[in-house]
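Here's a quick tour of a two-chain model, meant to be read with the viewer open. Have a look around first, then come back for the contacts.

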Amino acid sequence: MAEIRAEITANVWQVVAEEGQMVAEGDEICILESMKMEIPVITEVPGVVRELHVEPEQVVQEGDLIALIDES
Amino acid sequence: MPDREATSERFADVRWLPETGSTNQYVLDAARSGAPDGLVVVADHQRAGRGRLGRTWSAPPGASLLVSVLLRPDLAPEDRHLVVMAAAVAMAEAVAATTGVIAALKWPNDLLVGHRKLAGILAEAAGDAVVVGIGVNLDWPEIPAELEGIATACNLEGGRPTLREELLAEFLAGYEVRLADLDEARTAYRAALGTIGARVRVERPDAAFVGIATDIDDKGRLLVDVDGVVETIAAGDVVHLRDA
């Protein structure tokens with residue numbers, strides 16, 4: 001499983017992907033917002049979104065798990 | 001429109017559009033197509049100007065400087081906000097130099113005169129690129145009734161008449177300088193931050209509270225003293241409360 005983690009502490013503005021969704025490399029999983037910068041979080045691997053660990057308006061800390069992508 | 005070149009080497013590719021949906025979106029699209037660091041796009045009018053969290057930014061045609069800049073900074077993700085901080089400082093300095101209007105910064109990067117918003121900045125990341133978009137109210141005939149006390153423009157603050165090209169050139173030259181020394185830019189930012197010392201209300205998705213903003217830390221996060229407990233704010237709306 002590929003882990004997608006938050007690179008910085010931020011608010012979750014939008015969750016774009018859904019559990020069970022097939023994603024390609026570069027697809028957006030969610031959009032974070034911090035210090036007035038909007039940061040799309042993308043998957044670097046193709047696969048299926050097995051787990052989403054964020055929801056809108058949640059605060060994530062640097063390193064928090066955002067999603068698990070099943071590459072198999 | 002006079003043909004004016006930016007007095008900046010880094011920001012030499014300046015494109016003027018009569019109209020666009022959003023200068024940020026234009027530059028984001030260019031970034032995803034591989035456009036290099038330094039692209040600058042200016043619009044006379046935006047049909048779909050953007051603020052944070054899906055809010056809109058509206059201005060009558062020609063009344064504001066609407067500009068987006070593409071950067072590919074060599075910075076770790078947690079440090080990229082520094083280029084946005086540098087933009088706020090550079091724009092406040094450019095506004096002062098060309099119009100005479102002195103603006104304070106409201107965390108994280110609004111420009112205010114008193115409590116009235118003069119300029120806003122929205123940055124968007126796309127891969128290793130950061131697009132920094134700024135809207136500066138320059139020459140408005142009047143402020144709409146619903147924005148009275150909330151927004152303002154340089155001309156309404158007694159500023160010298162200034163062409164957008166002049167403000168842009170001053171900003172781009174200053175921004176290039178500020179980007180070359182981000183430590184210095186952070187020092188200037190802290191000095192210009194009207195939020196420090198102010199009583200503020202912080203609104204986050206998970207909480208809202210009132211306290212005194214005491215400083216920013218080395219990651220640019222706002223420190224707010226809430227009844228003796230210091231909260232560290234990385235993301236949220238901050239409102240400067242008027243004195244009771």
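This is a predicted model: local features need pLDDT of at least 70, side-chain atom pairs count only at pLDDT 80 or more; totals for chains, interfaces and linings use all residues.

Chain B comes in two pieces: domain 1 covers 14-192 and domain 2 covers 199-240. Going by C-alpha atoms, their centres sit 23 Å apart.

Where the two domains of chain B meet, twelve residues of domain 1 are in contact with 14 residues of domain 2. About 1100 Å² gets buried there, with carbon and sulfur atoms giving 52% of that area. On the domain 1 side, B:Lys106, B:Trp107 and B:Arg190 supply 52% of what that domain buries against domain 2, more than any other three residues.

## Polar links between the domains

There is one salt bridge between domain 1 and domain 2 of chain B. The side chains of B:Arg190 and B:Asp215 meet in a salt bridge, at 2.8 Å from N to O. The domains of chain B also have six residue pairs in polar contact, counting pairs with both residues at pLDDT 80 or more.

As for which elements of domain 1 touch domain 2, α2 (81-99), β4 (104-106) and α4 (182-192) of chain B each bring at least two residues. The biggest giver is α4(B), with three residues. Sorted by class, this side of domain 1 of chain B has five nonpolar, two polar and five charged residues.

## The sheet in chain A

Chain A has an open, four-stranded sheet with antiparallel pairing, in the order β1-β8-β6-β3. Its edges are β1 (2-5) and β3 (22-23) of chain A, each pairing on one side only.

Within chain A, β6 (residues 47-52) and β8 (residues 65-70) pair antiparallel over four bridges. A:Glu51 is found opposite A:Leu68 of β8(A).

## Where the chains meet

In the contact between the chains, 29 residues of chain B meet 17 residues of chain A. Together the chains bury about 1900 Å², 60% of it on carbon and sulfur atoms. The salt bridge count here is one. B:Lys219 forms a salt bridge with A:Glu62, with the closest N and O atoms 3.7 Å apart.

On the chain B side, α2 and β6 (116-126) each supply at least two residues, and β6(B) gives the most, with six residues. That side of chain B divides into 13 nonpolar, seven polar and nine charged residues. A:Glu38 stands opposite B:Glu124 in β6(B).

Technical notes: Residues are numbered from 1 along each chain as its sequence is written. Chains are lettered from A and ligands numbered from 1 in the order in which they are written. Side-chain values use heavy atoms; hydrogens and water are left out. Domain bounds come from an automatic or database domain assignment. Contact means heavy atoms within 4.5 Å. Buried area is the accessible area (1.4 Å probe) that two parts lose on being put together, summed over both. A salt bridge is a side-chain nitrogen of Lys or Arg within 4 Å of a carboxyl oxygen of Asp or Glu. A polar contact is a pair of N or O atoms within 3.5 Å; within protein, one must be able to donate a hydrogen and the other to accept it, and residues adjacent in sequence count only if both atoms are side-chain atoms. Ala, Val, Leu, Ile, Met, Phe, Trp, Tyr, Cys and Pro count as nonpolar, Asp, Glu, Lys and Arg as charged, and the others, Gly among them, as polar. Two strands pair if DSSP finds at least two bridges between them.
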